[in-house]
Amino acid sequence: VSGENWDRREQVRRQMMAALDGELSGKERAELDRALAEDSELRGEWERLARVKEATEEMRYIEPPEETWAHYWVSVYNRLERGFGWVLVSICALVLIGYGTWHAIGELLADSAVPGFIKLAIFAGVFGALILLFSVIREKLFVRRDDRYKEVQR
Amino acid sequence: VQVAIEKLAEREREVIVLKEYEGLRYREIADLLGIPIGTVMSRLYSARRRLADFMEELQ
């Protein structure tokens with residue numbers, strides 16, 4: 001299946017959802033009808049999905065027992081509490097590692113007993129880390145902006 | 001149908017529940033879950049396809 005054909009099918013599938021859920025405009029509906037008339041595979045999918053929609057429309061929500069809600073809220077509080085704990089631990093770890101690294105590098109560079117090639121290696125490491133950081137930031141800023149599928153999370 | 005819905009992955013189940021039980025519109029589901037509308041439609045599509053498979057298996 002070519003890329004263009006795949007894109008087209010994805011678009012038709014989204015239109016199918018919008019049609020089933022009553023969120024399709026008249027013009028889009030006409031496009032969908034045309035696509036379904038031209039492609040028997042998509043038409044088969046449409047009929048299958050329409051049967052699912054009919055079945056799910058007849059469902060009614062059953063209120064869960066009180067214990068289920070109590071258990072649910074306890075799990076929410078636990079997750080919030082642990083999430084907050086992890087944030088604090090992560091901040092502490094980052095600060096300590098950063099502080100320790102900064103001091104270690106400073107001391108190594110200031111120490112006249114440390115051989116020159118070790119100091120060069122430190123410079124190379126710091127320079128490499130800066131290049132990596134710059135590369136990641138550039139990718140986030142420029143490459144993602146041109147990503148055709150950035151709106152779709154799979 | 002209920003059994004089939006329980007077999008869905010959580011992110012598919014939540015869009016089906018919000019659409020079918022809660023009757024929310026795509027925009028509202030997107031805002032609630034913090035995802036683009038296109039993703040709501042893609043997840044609904046994959047959820048309904050899986051439901052069709054499960055329901056056929058159960059029959």
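Contact here means heavy atoms within 4.5 Å. This is a predicted model, in which local features need pLDDT of at least 70 and side-chain atom pairs count only at pLDDT 80 or more, while totals for chains, interfaces and linings use all residues. Residues are numbered from 1 along each chain as its sequence is written, chains are lettered from A and ligands numbered from 1 in the order in which they are written, and side-chain values use heavy atoms, with hydrogens and water left out.

**Stop 1: Asp21(A)**

Select Asp21(A), in the loop between helix H1 (3–20) and H2 of chain A. Helices (H or I, at least four residues) and strands (E, at least two) are DSSP runs, numbered from the N terminus. Show what surrounds Asp21(A): leaving out residues up to four places away in sequence, Asp21(A) touches Lys53(A) and also Lys19(B), Glu20(B), Tyr26(B), Leu44(B) and Arg48(B). Lys53(A) lies 32 residues from Asp21(A) along the chain, and their C-alpha atoms are separated by 8.5 Å. Is Asp21(A) buried or exposed? Asp21(A) is buried, with a relative accessible area of 10%. Buried means under 20% relative accessible area, exposed over 50%, and partly exposed in between (1.4 Å probe, protein chains only).

**Stop 2: helix H2 of chain A**

Go to Leu32(A), which sits in helix H2 of chain A. Leu32(A) counts as buried, at 0% relative accessibility. Neighbours within four places in sequence aside, Leu32(A) is in contact with Val12(A), Gln15(A), Met16(A), Ala19(A), Leu24(A) and Trp46(A).

Now select Asp33(A), placed in helix H2 (residues 26–38) of chain A. Asp33(A) is partly exposed, with a relative accessible area of 37%. From Asp33(A) to Met16(A), 17 residues apart in sequence, the C-alpha to C-alpha distance is 9.6 Å.

**Stop 3: chain A as a whole**

Colour chain A by secondary structure. Chain A has five helices and zero strands. Of its 154 residues, 19% are buried. The accessible surface of chain A is about 12,100 Å², and carbon and sulfur atoms account for 63% of that area. Accessible areas come from the Shrake-Rupley method with a 1.4 Å probe; for residues, only the protein chains shown count as cover. Among the contacts in chain A with a separation of 6 or more, 42% are between residues 24 or more positions apart.

**Stop 4: chain B as a whole**

Switch to chain B, which has four helices and zero strands. Buried residues are 49% of the 59 residues in chain B. Chain B exposes about 3,000 Å², with 46% of it supplied by carbon and sulfur atoms. Of the contacts in chain B between residues at least 6 apart in sequence, 51% join residues at least 24 apart.

**Stop 5: helix pairs in chain B**

Two packed helices are described by the angle between their axes and the distance between the axes. Axes are lines fitted to C-alpha atoms, for helices over the stretch in contact, and angles run from 0 to 180 degrees between N-to-C directions.

Select helix H2 (residues 10–21) and helix H3 (residues 26–33) of chain B; their axes come within 10 Å and cross at roughly 135°. That makes H2(B) oblique to H3(B). Angles under 35 degrees count as roughly parallel, over 145 as roughly antiparallel, 65 to 115 as roughly perpendicular and the rest as oblique. H2(B) contributes Glu14(B), Val15(B), Leu18(B) and Lys19(B) to the contact, and H3(B) contributes Tyr26(B), Ile29(B), Leu32(B) and Leu33(B).

The axes of H2(B) and H4(B) come within 9 Å and cross at roughly 95°. H2(B) and H4(B) are therefore roughly perpendicular to each other. Residues meeting here include Lys19(B) and Glu20(B) in H2(B), and Leu44(B) and Arg48(B) in H4(B). These four also touch Asp21(A), the residue of the opening stop.

Last, show H3(B) with H4(B). Which residues of H3(B) meet H4(B)? Tyr26(B), Arg27(B), Ile29(B) and Ala30(B) do, against Ile37(B), Val40(B), Met41(B) and Leu44(B) in H4(B). The angle between H3(B) and H4(B) is about 100°, with their axes 8 Å apart. H3(B) and H4(B) are therefore roughly perpendicular to each other.
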